[in-house]
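Reader: I would like to learn how to read a few features of a model. Please take them one at a time.

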Amino acid sequence: MGRILLIRHAQASFLEQNYDKLSAIGETQARRLGQHWARQKILFDGVCSGPRVRHNQTAKIVAGVYRDAGIPFPEPVEIPEFDEYQAEAVLKQGLPPLIESNGEVRKLHRAFQDSINPERRLANFEKMFEMLITKWVDGEVVLPAVESWTEFCARADRGLSQCVSANGRGQQLAVFCSAGLIGVAMRRALHLSSQDTLRATWMVRNSSFSEFLFSGDRFTLSTFNSFPHLDDLSLLTYR
């Protein structure tokens, strides 16, 4: 059977003006991943990446570690279907009306704005964001100008199908992506509901990898959310 490793990008610059770039911690996480795989001499027949800067940066850092160790690493191929769902657009268009209509969200938003402590500010934002995304996935928040959750899942699943069908038996692939694609892969392997798929995405750590096996129509889960390269608690992040 073929193997496909889906790697969530290393930590991006959450709550900064430009989220789509790796933080200093993210660069360390990606380097640790490359070092871990290089020590084990794990070889890949093909490497793909989503189109975001954070996807490409993570892949390039891993590739650089391989190159410095004298181990071949395929040039990543960018796959548009592996882009993340449009969280920024959902947040921008969906949050204001939800603040108006939902007292709990309004309270969280006020707490987020008033927070001085960075950890408290992050916690308030995450609760507010998760409530919004949950309602969007359930169809309670409808945004006609934004790709829906159903459309995102179909797109990501289509990309996975193209990826595995283009590679033969026994091939080992790496895909650098975001948590959404990993959730869709879990959905495909385990036949999850939309909300279970979403909950799986919340669990995926930065720079972790999940392994799936494929052969013909078979697509099965082997490991989920592995991070043996992150042996320092300060490197364990979700955002």
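Reader: Which side chain does the side chain of S178 join in a polar contact?

Author: Keep in mind that this is a predicted model. To read a polar contact, look for a pair of N or O atoms within 3.5 Å. Here the side chains of S178 and H55 are joined by such a contact, at 2.7 Å.

Reader: Where does S178 lie, and is S178 buried or exposed?

Author: S178 sits in the loop between β4 and α7 (179–190). Buried means under 20% relative accessible area; S178 has 2%, so it is buried. Apart from neighbours within four places in sequence, its contacts are R8, H9, R54, H55 and E84.

Reader: Which strands pair with β1, and in which sense?

Author: Strand β4 (residues 172–177) runs parallel to β1, with six bridges between them; one of the bridge partners is F176 in β4, for I7. Strand β5 (residues 209–215) pairs with β1 in the antiparallel sense, also over six bridges, and there L5 stands opposite E211.

Reader: Why is β1 described as largely enclosed?

Author: Six of the seven residues of β1 (residues 2–8) are buried, so the rest of the structure largely encloses this strand.

How values were computed
Residues numbered from 1 in each chain as written. Predicted model: local features only at pLDDT ≥ 70, side-chain atom pairs only at ≥ 80, totals over all residues. Heavy atoms only, no water. Buried < 20%, exposed > 50% of the residue type's maximum accessible area, 1.4 Å probe, protein only. Helix = DSSP H or I, 4+ residues; strand = E, 2+ residues; numbered from the N terminus. Pairing = 2+ DSSP bridges. Polar contact = N/O pair within 3.5 Å; in protein donor to acceptor, adjacent residues only side chain to side chain. Contact = heavy atoms within 4.5 Å.
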